Amino acid sequence: MSVKMVDKIIFWLNANMLYFGLAAKLQKKYDCKLYAVIDITNRTKKFFEKQNIVNFQKIWFLHDHIQKNKKIDIDYLKNFEKNYHINLWQLAINERIFYQYNDFHEFSHDEILSILEKECKLYESILDQTQPDFLITSETALHQQHLFYEICRHRGIKILILYKSKISNKCIISQKFQTIDSMSDLSKIPSKKRSFDELLNVLKSTNATKPGTTAVIQGVDNFGGSKLSKLKAGSEYFLKSDNSNIKTHYSYYGRHKSKVLANTLLNSLKAKIRKSYIDKNLEYEIHDNEKFVLFTLHQEPEKTLLIEAPFYTNQLEIIRHIAKSLPVEYRLYVKEHFAQVLREWRKISYYKEILKIPNVRLYHHSSNLEQLIQNSSLVISIAGSVALEAVFFQKPSIMLADMGFLVLPSIQKLTSLEELPAIIRKGLDMKVNSDDLDRYVTILDENSFDFDLPSYLTKEANFFRFDGNFHDTIITDRKMKSFLDQNDSLFAILTDNYISKLEKLKQNKI
């Protein structure tokens with residue numbers, strides 16, 4: 001008699017409670033053993049220590065295991081890189097906490113390597129102990145999560161990542177971010193013969209959530225909810241929390257309350273001064289009869305650049321490279337990202353450097369993205385969805401990062417900066433085929449399911465984290481159960497689709 005093997009699933013859990021809710025539902029509907037690596041702050045940690053909602057076989061709190069080493073085991077790290085084909089300094093230098101974007105602590109060479117060594121050894125130990133079949137994780141935004149993902153991937157552990165579809169309020173579960181598993185050759189998929197107008201209607205059917213639209217810009221401007229929510233969050237942090245994370249979590253090093261307050265006030269002032277400059281100096285309207293190539297800036301810092309495009313993080317230099325590669329009759333239009341407001345905009349000197357480039361125009365974040373795409377001859381993006389949106393407007397595009405929609409023939413992938421002039425000229429002569437886009441939209445639809453992830457995340461932030469203003473919150477079993485009950489139907493949909501994906505991965509149908 002054969003013994004049925006129970007699937008072992010390891011979760012990466014953080015402040016996003018979606019995956020805890022998924023684990024709670026999954027254990028009731030799927031025969032499995034659950035484990036979890038938890039990257040969470042100290043006050044929220046108490047919930048995971050005491051909760052009786054999910055029966056995890058074992059959990060590991062990441063920051064309990066990351067104490068500083070007096071001596072770095074460089075031979076271990078050297079062998080680790082060789083065994084897993086992971087460039088640790090690439091992850092470290094692109095980590096916003098370690099470099100460039102941290103206002104509170106400057107990490108030394110040894111501090112960084114000490115943290116990486118502890119993480120690598122912990123992850124190997126966890127995986128050796130559990131031998132999981134699957135990893136369920138959110139999109140990897142910080143190095144510690146991406147490192148665990150990469151180790152799992154190298155060990156052959158099947159991975160399930162949830163992300164929002166680029167053209168609808170649906171979601172997709174894949175083993176790689178923004179890449180559909182076992183993507184078929186587009187030419188082998190039947191076309192429904194939809195016209196560009198019909199396909200554009202598909203895109204616009206959820207336009208209220210598309211980047212650059214008025215609704216989204218207003219939503220970002222109102223990020224964090226009401227002044228009352230922000231006041232409550234500030235009161236919770238400054239008056240009630242013990243701020244113990246500065247001693248136990250490297251991501252909180254140097255974040256003394258006085259420094260946080262001073263930094264918040266200073267950033268608020270910077271944002272106002274920078275916004276005033278932006279409003280006065282950036283352009284809004286397209287110039288008549290002017291040929292141009294469009295480049296859209298990414299928000300900084302963000303995972304799309306730091307994780308997905310690790311060698312293209314200097315956007316100012318990318319703009320210069322594009323500008324010097326254009327045919328003489330073209331200008332480069334550069335559009336600011338509407339969500340940069342969440343990072344207090346960029347330094348005024350940054351905008352001035354762009355404005356100095358003779359054949360470049362710099363556009364305001366509120367300028368009409370759709371009109372800019374429609375009137376452009378070519379769209380260039382490092383790793384943004386604007387390259388895909390361009391196809392709906394019959395515009396070819398160029399991408400620098402390896403994203404899933406590169407299967408579309410009209411989206412070219414830049415492999416070296418030296419080829420930029422040639423690939424731009426090729427793109428300018430390229431025609432977009434509606435059948436290709438039709439097939440790709442069909443694939444997205446067939447691999448997605450109804451789940452409005454942005455709306456869910458807003459609801460969760462409002463319920464647990466003062467509209468997203470404060471993460472180190474206290475959670476009780478009662479509060480968590482109340483949230484899960486209120487959203488039972490959403491978690492049921494999510495769980496059913498995860499089970500379907502798990503079964504397909506087990507049967508090697510992907």
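This is a predicted model: local features need pLDDT of at least 70, side-chain atom pairs count only at pLDDT 80 or more; totals for chains, interfaces and linings use all residues.
User: What does Leu372 touch, leaving out residues up to four places away in sequence?

Analyst: That list is Ile286, Phe292, Leu294, Tyr333, Lys335, Tyr363 and Ser367. To count as a contact, heavy atoms have to be within 4.5 Å.

User: What makes the nonpolar surface patch, and which helices supply it?

Analyst: Phe238, Leu239, Leu261 and Leu265 make the patch, which is about 410 Å². Helix 9 (227–240) and helix 11 (257–281) each supply at least two of the patch residues.

User: Now the salt bridges. Why do Lys176 and Asp402 count as a salt bridge?

Analyst: The rule asks for a side-chain nitrogen of Lys or Arg within 4 Å of a carboxyl oxygen of Asp or Glu. Here the N to O distance is 3.9 Å, and the cut-off is 4 Å, so the pair passes. Lys176 is in the loop between strand 6 and helix 7, while Asp402 is in the loop between strand 11 (397–399) and strand 12 (411–413), so to speak two distant parts of the chain, 226 residues apart.

User: What makes Arg361 and Glu290 a salt bridge, and what does the pair tie together?

Analyst: Their side chains meet at 2.8 Å, N to O, and the limit is 4 Å, so they qualify. Arg361 lies in strand 9 (residues 360–363) and Glu290 in the loop between helix 11 and strand 7 (292–296), so the pair ties together parts that are 71 residues apart in sequence. Both Arg361 and Glu290 are buried.

User: How do you know that Arg346 and Glu300 form a salt bridge?

Analyst: Apply that rule again: the N to O distance is 3.1 Å, and the pair needs to be within 4 Å, so it counts. This pair links distant parts of the chain, 46 residues apart. Arg346 is in the loop between strand 8 (331–335) and helix 14 (348–356), and Glu300 is in the loop between strand 7 and helix 12 (303–306). Both of these residues are buried.

User: On to helix 18. What makes helix 18 "mostly covered"?

Analyst: Of its 13 residues, 10 are buried. Among them are Leu437, Tyr440, Val441 and Ile443. The cover includes strand 6, helix 7, helix 16 (386–392) and strand 13 (448–450).

User: How does the span of helix 18 compare with what is expected?

Analyst: Helix 18 (residues 434–446) reaches 18 Å from its first C-alpha to its last, close to the 18 Å expected at 1.5 Å a residue.

User: Which residue caps the N-terminal end of helix 18, and how do you know?

Analyst: Asn433 does: a side-chain oxygen lies 2.7 Å from the backbone nitrogen of Asp435.

User: Last one: why is Gln51 called buried, and which backbone nitrogens does its side chain reach?

Analyst: Gln51 has 11% relative accessibility, so it counts as buried, the cut-off being under 20%. A polar atom of its side chain lies 2.7 Å from the backbone nitrogen of Ile53, and the side chain reaches the backbone nitrogen of Val54 at 2.8 Å. Gln51 is found in the loop between helix 2 (42–50) and strand 3 (56–61). Leaving out residues up to four places away in sequence, Gln51 touches Phe20, Phe56 and Asp477.

Definitions and conventions
Residues are numbered from 1 along each chain as its sequence is written. Side-chain values use heavy atoms; hydrogens and water are left out. Patches are made of residues with over 30% relative accessible area and no salt bridge: like charges are joined within 9 Å, nonpolar side chains (Val, Leu, Ile, Met, Phe, Trp, Tyr) within 5 Å. Accessible areas come from the Shrake-Rupley method with a 1.4 Å probe; for residues, only the protein chains shown count as cover. Helices (H or I, at least four residues) and strands (E, at least two) are DSSP runs, numbered from the N terminus. The expected span of a helix is 1.5 Å times one less than its number of residues. Buried means under 20% relative accessible area, exposed over 50%, partly exposed in between (1.4 Å probe, protein chains only). A polar contact is a pair of N or O atoms within 3.5 Å; within protein, one must be able to donate a hydrogen and the other to accept it, and residues adjacent in sequence count only if both atoms are side-chain atoms.
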